[in-house]
Amino acid sequence: MHIGIDVGGTNTDAVLMDGATTLAGVKHSTTPDVTTGIVQAIEALREQHQFTGPEIQAVMIGTTHFINALVEAKRLAPTAALRLGLPATRSLPPMVDWPAELVDALSARTYLAHGGYEFDGRPISPLDPEELRAHARDMRGHGIRSVAISSVFSPVNHDLEVQAAQIVRDVFAEDGTPVAISLSHEIGRIGLLERENATVINAALRELAGEIVDGLTAAARAQGITAPIYLSQNDGTLMDEDFVRSYPVATFASGPTNSMRGAAVTSGLTTCAVVDVGGTTADVGLLVGGFPRETAGEVKVAGIRTNFRMPDVLSIGIGGGSLVDPETAEVGPGSVGYRLTTEALVFGGSTLTATDIAVAAGRADIGDRSKVAHLDPAFVDRVLARIAERVAEAVDRMRTSPDPIPVVAVGGGSILLPDELPLFGTVHRPENYSVANAIGASIAQVGGEIDKVVAVEPSRREETIATVKQEAVEKAIAAGARPDSVAIVDFDEVPIPYLPGNATRMRVKAVGDLQMDAR
């Protein structure tokens, strides 16, 4: 058996799975410290279906901890951004377009230094070790604890980032000051500003990552569970505890990914539109072949441009906790969030929420129905019609062709959606739809990625590619993937013209199901 948990802004959902079978599923209010909510959710699972700690083979968690910390500008480490690129790139310094409150929250300092490459591999300027040492001493003197290093075109050649990291590390080590270093070529893609931004975000979250991993581990161990703990990533694969400590930014969009993967499994549909209605927002995305469609361009997170891979999701401010305007019948974007069970009318509160409307319409049996008996039925119908109209508009904006596409509704707030959606017809509501995100987390897979420069001999390109792909497959298996389930899901090939021997950078990603009994 294994456990899947998805921590959202309003609810912490958990499922107990036996293979692909859902044995138990619970929804529990997310607590302010989050970890307590996870403990309570596991206890609630045990009440539904008894199990002992040793029977659990793995715990998979999707969490919004990190993106919430960034959005709320809290618990971020003092961070420095060091860019290698002088004398170029001076006109747009690091963090140039960041919201001022986030820059303050990071106690951020930015530095420019010589280094970097042109697009064709020619060096912009040589690295200046003494310049870097001066910058590092200044960082140390200002209490910086985490450093993000980015170099122009480092995804093609990252040697300068590695050298600069060692110099910074040596300076901090002179007096034993600890420092965490994040390198941009490990996190983002070609575009400098977006890659640099993602790296700074990752650096700012490194300390929090350690605290959260320790907290989640303690929560599971307190329940007698000794199995390994994984966190789900943006692309639907799992990362172990050590990886999370180094790359917390990789968990940012795991919530929508988990919901969409869960929708595919529970509905049996691999190509469809998914509407995940939570407590605060309704997230709309498309599934293609069972995996979320990814964004093609930049992604803004908390007002910051980034370029790491994330599912293409449109969020609108409609959820179970959304506030309802009694005059206009409009819903959201304000929400009572995790306070739903104390502030909604049906729970004895004084705030009219979308959940109250669902109860008044007879779509849900939650709380005390008599508390919403005074609502005018015509008003209730107007609110629900407006919700259906806005969700249909969102699905229409997301689809890429006029062809009919099935719509799957998941999430606890999907009770707000009608059985028939304008333009799209029947809304599919699969079994266990309310905890589909936790199911999605529980079925996340493990991956192996190879990113290396190889010499491609004439007429042996196919053979070289096959060898690199096999390395990725073996790495996925070593990470815990079941051998018969591993497949190549991503391949990228970039010739490097300025190096001899037909040098080519190859990136391969292999993904497979987690081998439970091997753990």
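## About the model

The model is predicted, so local features need pLDDT of at least 70 and side-chain atom pairs count only at pLDDT 80 or more, while totals for chains, interfaces and linings use all residues. Residues are numbered from 1 along each chain as its sequence is written, and side-chain values use heavy atoms, with hydrogens and water left out.

## Domains 1 and 3

The protein chain splits into domain 1 (72-205), domain 2 (269-430) and domain 3 (445-513), with bounds from an automatic or database domain assignment. Between the C-alpha centres of domain 1 and domain 3 there are 28 Å. Their contact (heavy atoms within 4.5 Å) draws on six residues from domain 1 and four residues from domain 3.

Together, domain 1 and domain 3 bury about 570 Å², 44% of it on carbon and sulfur atoms; buried area is the accessible area (1.4 Å probe) that two parts lose on being put together, summed over both. If you are looking for salt bridges across this interface, the rule finds zero (a side-chain nitrogen of Lys or Arg within 4 Å of a carboxyl oxygen of Asp or Glu).

## A look at Ile229

Ile229 counts as buried because its relative accessibility is 2%, and buried means under 20% relative accessible area (1.4 Å probe, protein chains only).

Leaving aside residues up to four places away in sequence, Ile229 touches residues including Val59, Ile61, Leu216 and Met239. Val7 lies 222 residues from Ile229 along the chain, and their C-alpha atoms are separated by 15 Å.

Conventions
Buried means under 20% relative accessible area, exposed over 50%, partly exposed in between (1.4 Å probe, protein chains only).
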